[in-house]
Amino acid sequence: MKSLKRALMILFAGGLSVSGLAAEAPAPHWIWCHESPEDGETVYLRRHFELTDEWEKAELTFTCDNAAVVWVNGEKVAINNDWNTPKTVEIQDNLHAGRNVIAIKASNQGGQAGLLARLRLLSDDKDKDAYLVTDGRWKCHRERVAAWETSDFDASDWKPAIELAGYGAQPWGTVLEQAQIASGNGKRGIEVPDGFEAELLYSVPKGQYGSWVAITFEDRRHLIASPQDGKLCRVTIPPIGSNGTAEVEQLDDLGIGSAQGLCYAYGRLYAMANGGPGSGLYQVLDSDGDGRLDTVEKLQALQGGGEHGPHSVIKDAQGNGLYVVCGNHTDPLEQYDTYLQPKVWDEDFLVNRLWDARGHARGRLAPGGWIAHVGRDGEKWSLYSSGYRNTYDIALNRHGELFTYDADMEWDVGTPWYRPTRICHATSGSEFGWRSGTGKWPTYFPDSLPPAVNIGPGSPTGVVFGGGLNFPTRYQKALFGLDWTFGTIYAIHLQPQGASYQGRKEEFLTGRPLPLTDIAVGPDGALYFTIGGRGTQSALYRVTYTGSKSTKPPGKIIDKKAAKVRTLRRKLEQFHGREAPNAVSQAWPHLDHPDRFVRYAARIAIENQPLSQWRQRVFKLKSRWGIINGGIALARHGKASDQDALLKTLNQLELEALDEPQKLGLLRAYALAFIRLGEPNDSAKQRLIDRFSPQYPASSPMVNRELCRLLVYLGSPTVIGKTLHLMETEKPGGHRFDRELLQRNPGYGKTLANYLDKQTAQQEQQVFYALMLSNVEYGWTLKQRKRYFQWFNTADEKYAGGASFEGFLENIKKGALENTSEAERQALASILGEQGGESASAAPEERPQPEGPGKHWTIKDLRPLVEGGLEGRSFENGKAMYAAAYCVDCHRFRGEGGAIGPDLTNLATRFSYEDLLQSILKPNAVVSDQYQSTIIKKKDGSTLLGRIIGEQDGKLQVAVNPLKPEEYVTVDKEAVKSKQPSPTSLMPPGLIDRLNKKEVLDLLAYLMSRGNPDAPMFE
């Protein structure tokens, strides 16, 4: 540091203020070259000033949405790639008497953009400290010019910068005040509606208290939090407006944690442990009345774990029990005390299902994710609802109705079986149709229920209704739902519609990145939420309302018409899970009710009664929905001997006389009659072909799907030609996603954006038809075969989708090839490629090799190298080291690479440098269950380690070589003694130990840049 000299005078071009540090320091502005920043844009900004003397210290604090490189007098001094974490750098050694310049290259990666900076010159007399801030006096240019960063450069023809917003404006907030928070969370650019404030209460020391994923209030001042892995914590909440800090105590003595659901009710704490002490429902009691929880009791063990394991628990509306929810990798109980949904669930596919092309959820069968009701002491378990993929949390509205926020399968994007994340009204005995792979039921199947509102892509976590909030009235009625991936809290405004609800989504709170995990309404009327999960840095926030709108609780005004239909549905639901003498007579008339939820409740009520009471009634039905729903019920419970009479009953309905929902319902009833009761004889098949073939194609794309499915199954001789014609002409719309939302997580959203860029109106429908025709073995002409297989070449070139999209197309093609003869494959060689459609593998490029010498890298070694940010790195060498370290073999990155491990494209949006180093050097620290291997202990004493990718004919299919996931061994289930998740990652440690310092840093830069060669770190 230079010696201290008192500054007698300071002259800054354009004026630099000298003022008291705390009270009079000028506020910086967010600036840019123009008012509408563009995605991928880079601009150049500079500010010159004159100094007549030296200062004791000069601190430059800056941040840029999204990245910036800073030069002082031509020398590069700092780089920042995370606008949430402003960087402070001391630059006194770079300044000199006379003319000086700060030059900043600023880059935008989508959405809003802006540069914010503050130079603080420190004297031994604080009254003489001086400041320079970003404002309209900075000069800017949109193209790089030689020597632009030097003090001698003439920028007189550059334009003044545009002041986009003042300091503190959203979405950035008062980000500079958070610069010194060790976690780097700060306010994370949180954006809330006018009148609301989001306050960071506590930044969680990850090494001490873990990454929080579940919260619940114990009393007015205390909140219980659970990390994803680790022990429970008790948080003392500071009063609103007190400027106090939260205090945290770890509950070491309890020996319980790793809960993904917490609920304080009935004078005790309930915890849904996910791993940790053993998956299951626990209660934690204060046994001696001293106000301290001290006794833990396991109420029910659950077979499941990880991100699709046991999740949330809440108090029921009646005040006598609980609801619990589990993801689709949690086995249902071997026996429930009550089945509100009859125990006859099945996969119910008319044609073959394909498992996920990357192996996810292979072998997972119905009922999928499920919700159960249980007594307050852990007794009387009732299966309440099922058919979810991975719903994490549940909540009750003021009418006592249960809702949840179910996950999508983002790898399915671009396929007709993709279902977006959605809010579901979970009624008694409900089924929502999740099935693995291509098997997900479309929303229109009448043996399932539809969502209240589709949300879009994301990763749903916590949900809560706003009752009790000191918020404007409409928010007190809203359902708040958290999306981990895109850092968004949705307010779902639900309006009664018949016996259910329809919703409208509003983005209530957003941040980037903001990995939201759980949410709770505080006794103080504030909304509390946590961020974290998957080992990422965690924090606790509070949202309060300070606006002028009325916060009066909602009145008791009720939609009487909707309440009447809802009451009817509940009356029918009282017959769920029990036999009653009057159930059939009460429910039977409502099989034809105009409301879908009432019809569903009536059918489930009937299915809970002995078949002998209602079998013959089905054959006497005359109403449209009555025949459809009665037919579905009999198909699900009847015997093969019922099929002829059932088909005769269904045949009463003429397809052309029905509306679209009824057409779809009738076709589903036929399908279930064959799935459940057996294949019809040849004469019955021909009659049905004669009946439905003239109706195909129809005007409705969805009706065409079901006619195609049915006619393929029946073996219609005309279905091939008609379907090929539809593949070439029909153009229904595909999925639409909010591009602004995708920009909040560019890595994750890139795949979806690429799909939107390539999307054509017919993509999903064509994929459906291709899947159906892959099941047809006979009746093809060679010309038709050529048209069909040529489609795959077109699809490979034109269409895009999620991570499994290409694999699904390949597997559909393989299935179709299995139905072709050798002669046909030879004739199709020019279309299929070498060896009859099995693409000849290109000779693998020689793997790049590191120069070394390497070493055993540790976090201690690398942390100081990356703490200041990466700069001056080589993009090409980083890409080469990505291959040299075998990352490319197992991980996708920017749409390329293996599929064994997680996609790494979005690392920079979710993980800090510290998190990245932990993942690379300590791969066993956090292992996602989606990529977790299993330790299989066999009865003969041997042990097998691998990833279970499927189950067929009583045999487990186990991939044992992570570098060759398509190869597997089979293990007889009868030979298995036990199975347990392996704590060891498939990723071996030490993969970067062959790399030298330069190569490691280039690799880290390549990953954190999301593969962008123009990122500032490659300057």
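Buried means under 20% relative accessible area, exposed over 50%, and partly exposed in between, with a 1.4 Å probe and protein chains only. This is a predicted model: local features need pLDDT of at least 70, side-chain atom pairs count only at pLDDT 80 or more, and totals for chains, interfaces and linings use all residues. Residues are numbered from 1 along each chain as its sequence is written, and side-chain values use heavy atoms, leaving out hydrogens and water.

Q: Why is Asp972 called partly exposed?
A: Its relative accessible area is 37%.

Q: What makes Asp972 and Lys955 a salt bridge?
A: The rule asks for a side-chain nitrogen of Lys or Arg within 4 Å of a carboxyl oxygen of Asp or Glu. Here the N to O value is 2.4 Å, so the pair qualifies. Asp972 lies in strand 44 (residues 969-972) and Lys955 in strand 43 (residues 955-959), so the pair ties together parts 17 residues apart in sequence. Strands are DSSP runs (E, at least two residues), numbered from the N terminus.

Q: Why is Asp135 called buried?
A: Asp135 has a relative accessible area of 6%. That is under 20%, so Asp135 is buried. Its salt-bridge partner is Arg137, with the closest N and O atoms 2.8 Å apart. Arg137 is partly exposed, at 44%.

Q: How do you know that Asp412 forms a salt bridge with Lys440?
A: The closest N and O atoms are 2.9 Å apart. The limit is 4 Å, so the pair counts. Both residues, Asp412 and Lys440, are buried.

Conventions
Helices (H or I, at least four residues) and strands (E, at least two) are DSSP runs, numbered from the N terminus.
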